[in-house]
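Hello,

Here is the structure we talked about handing over. Please have a look at it first, and then read on for what turned up.

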Amino acid sequence: MRTALVSFAAAKTSNGVVPTAESWPTAELILEAAANAAGDPQPILQILAEDAYPPPTPGNGHTRELWELLASVSVRDLSAARALEPHLDAAAILYEASIPWTANGSWAVYAAEGQGMRLEAEHVGNTWILNGTKPWCSLSTAVDRALVSAHTEHGRALFAVHMRDPGIIGVPQPWVSHGLHRIPSGPVQFQQIRAEAVEEPGWYLQRPGFAIGGVGVAACWFGAAVGIFRDLLHRAESREPDQLALAWLGEADRLLAAGASTLKDAATLADLGELGAVQAYRARGTIAQICERIIQLHAHATGPAPLAFDEPHARRVADLSVYLRQHHAARDDAVLGKMLLDQRQKGDVESW
């Protein structure tokens, strides 16, 4: 039986086809490939590399459907979602910058910073040249193109590059985690790489779509948590649960209902042009906390056997545990707290 799709609107699962912005024909192919991916992102990347259709973008009236697609892919395989999400993020960024989409090619977005690593961009003649090292470049050897942030004399800016350029060289770094172990994410050296600027320095972080993209990642986390819940529910149905097992199942259901509502509300704000940094931090933090608790609830209810002997479940937990660390826990809450105080000083703060 095909895995049910994730619906935020009703805070429950749906067996129907997820509608996507612009009725993206590729969505069904991606869902089918994810169901059989077993931790391998290559089937998804192959579909994206051959896709002739512009991907859907958030903030245009169909954000909920787009995030439901990400969550539904994540239920099937989180590595598949980890390959899809940055491709869709790149499409959203290029759309926001009014840059036409280039069909037939997979995309990534590399905007992380790392201690001792720096990527510089120099304007030479009519082009930009990138030199230096960029950390956390997931699937750098597998994608066709990428949007990369680099430092200029006027601040950080975003650039489009062709990842097949021979001057782009991965830095060997063993990935020892079992989570997302087929998503290589090490540093990459850029040596005299020609690049195309995407808007002005500072635009990438200040644009309205930055907050929306951050919640899109949370939709992937949520989908994986739904997968863990479905396994918990199946195990509860397979034998008579005691009172504790019922309590853990009930709590997990309650948390997922709250998470679905959170993502639905955030999607509505995104389509209204009202999803700012405060709302995005709230949504991401809420979903991250829910996902961590779902992992814990499953472990408490079922013991060590699923983690030791059930490969799909163990892989999903390991993948989600690594992916969740894109959220910075209390540090992100501290950022949220700072924003709230700054807004209060300006006389512009929501009242509870």
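First, the ground rules. This is a predicted model, in which local features need pLDDT of at least 70 and side-chain atom pairs count only at pLDDT 80 or more, while totals for chains, interfaces and linings use all residues. Residues are numbered from 1 along each chain as its sequence is written, and side-chain values use heavy atoms, with hydrogens and water left out.

The pocket comes next. On a 1 Å grid over the protein atoms alone, a pocket is an open set of points with protein on both sides within 12 Å along at least five of seven lines, a cavity is a set where a 1.4 Å probe fits but cannot get out, and lining residues have an atom within 4 Å of a point. The largest pocket holds about 1,400 Å³, a volume being the space filled by probe spheres set on points joined across faces, edges and corners. It has 44 lining residues, and Ala-112, Tyr-204, Phe-210, Arg-284 and Gln-326 are the closest to its centre. Two or more lining residues come from each of α4, β3, α5, α6, α8 and α10 (helices are DSSP runs of H or I with at least four residues, strands runs of E with at least two, numbered from the N terminus). By class, the pocket lining has 27 nonpolar, eight polar and nine charged residues (nonpolar: Ala, Val, Leu, Ile, Met, Phe, Trp, Tyr, Cys and Pro; charged: Asp, Glu, Lys and Arg; polar: the others, Gly among them).

There are also two cavities of 30 Å³ or more. The largest cavity has a volume of about 110 Å³, and its lining includes Trp-67, Glu-85 and Asp-89. Helices α3, α4 and α6 each give two or more residues to that lining. The second largest cavity, of about 30 Å³, has His-178, His-181 and Arg-315 among its lining residues.

Now for helix α1, residues 26-35: Thr-26, Ala-27, Ile-30, Leu-31, Ala-33 and Ala-34 are buried there (under 20% relative accessible area with a 1.4 Å probe, protein chains only; exposed is over 50%, partly exposed in between). These buried residues fall within an arc of 165° seen down the axis, so they line one face of α1 (the arc is that of the directions from the axis to the C-beta atoms).

Finally, Ala-38, in the loop between α1 and α2, has a positive phi of about 50°. Asn-104, between α4 and β3, has a positive phi near 60°.

Best wishes
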